[in-house]
Amino acid sequence: QNFSNIENKIIVIPNIIDTNYIETKSKEEVNEINEYRDFIKLVSIGRLSKEKGMINCVYCCKMLLDAGYNIKWILIGDGAEYENIKKEIEVYSLQENIHMLGSINNPYKYLRHADVYVHPSNVESMSITVLEAMTLNIPVVVVKSIGPSEFIVNNENGILVQPQIDDLYKGIVKLLANKDFRDKFSKSNKSLLLNYSQENILDKFYKLISEDNNK
């Protein structure tokens, strides 16, 4: 928009989402998964910093419990907000409902078991973890920002919400209340994820190099 005179000199090549790797790693055993069997399982992955909004998962979890939902919420990631989030969990007595795993090598084995992936970040570029959740056919509720707005069509392949706790809560409830709605998302994800496949991304690079060499 600001440099329209160079528009024809710019192409965008996103990062590769390695679906085979994600699916393979997701099959690793989770020892404590039996503890979550009778619960609605929510997962959020990201850096624990203020702009990522992970503390809102605590307040949203309290609202869901008050509304009668049986919740286990897994937070994966580390950062400056770790102790603050932990403190809020204790303030609301949610130690049995929210599990902070810190930074781990394989988040996919937890992600595979999620009923909903919740991404509360106020600021995102490509939103890789959202695409990784979609790879595993996990329905997503995502705070609207530039990155996810590029590939999520609201109510078609995910739910985009405003960065308020009430909106995050309503988005999750909307998914939990309608299984057919959740199932619809997984069907629309397959064609989307082809845009981030290794074959497609490498093809973009090869074409770029080829065009450059032919000039």
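Q: Glu124: buried or exposed?
A: Glu124 counts as buried in this predicted model, at 15% relative accessibility (buried is under 20% relative accessible area, exposed over 50%, partly exposed in between; 1.4 Å probe, protein chains only).

Q: What does Glu124 form a salt bridge with?
A: Its partner is Lys52, with the closest N and O atoms 2.9 Å apart (a salt bridge is a Lys or Arg side-chain nitrogen within 4 Å of an Asp or Glu carboxyl oxygen). The pair links distant parts of the chain, 72 residues apart: Lys52 is in the loop between β1 (40-45) and α2 (56-66), Glu124 in the loop between β4 (116-119) and α5 (128-135). Helices (H or I, at least four residues) and strands (E, at least two) are DSSP runs, numbered from the N terminus.

Q: And Lys52, what's its relative accessible area?
A: 14%, so Lys52 is buried too.

Q: How many salt bridges in the whole structure?
A: The search finds 6. One of them joins Lys62 and Asp66, N to O at 2.9 Å. These two are 4 residues apart in helix α2, so about one helical turn separates them. Lys62 is partly exposed at 25%, while Asp66 is exposed at 58%.

Q: Which residue does Asp203 meet in a salt bridge?
A: Lys207, at 3.4 Å from N to O. Both sit in helix α9, 4 residues apart, and Asp203 is partly exposed at 33%.

Q: What should I know about the model and numbering?
A: Residues are numbered from 1 along each chain as its sequence is written. In this predicted model local features need pLDDT of at least 70, side-chain atom pairs count only at pLDDT 80 or more, totals for chains, interfaces and linings use all residues, and side-chain values use heavy atoms, leaving out hydrogens and water.
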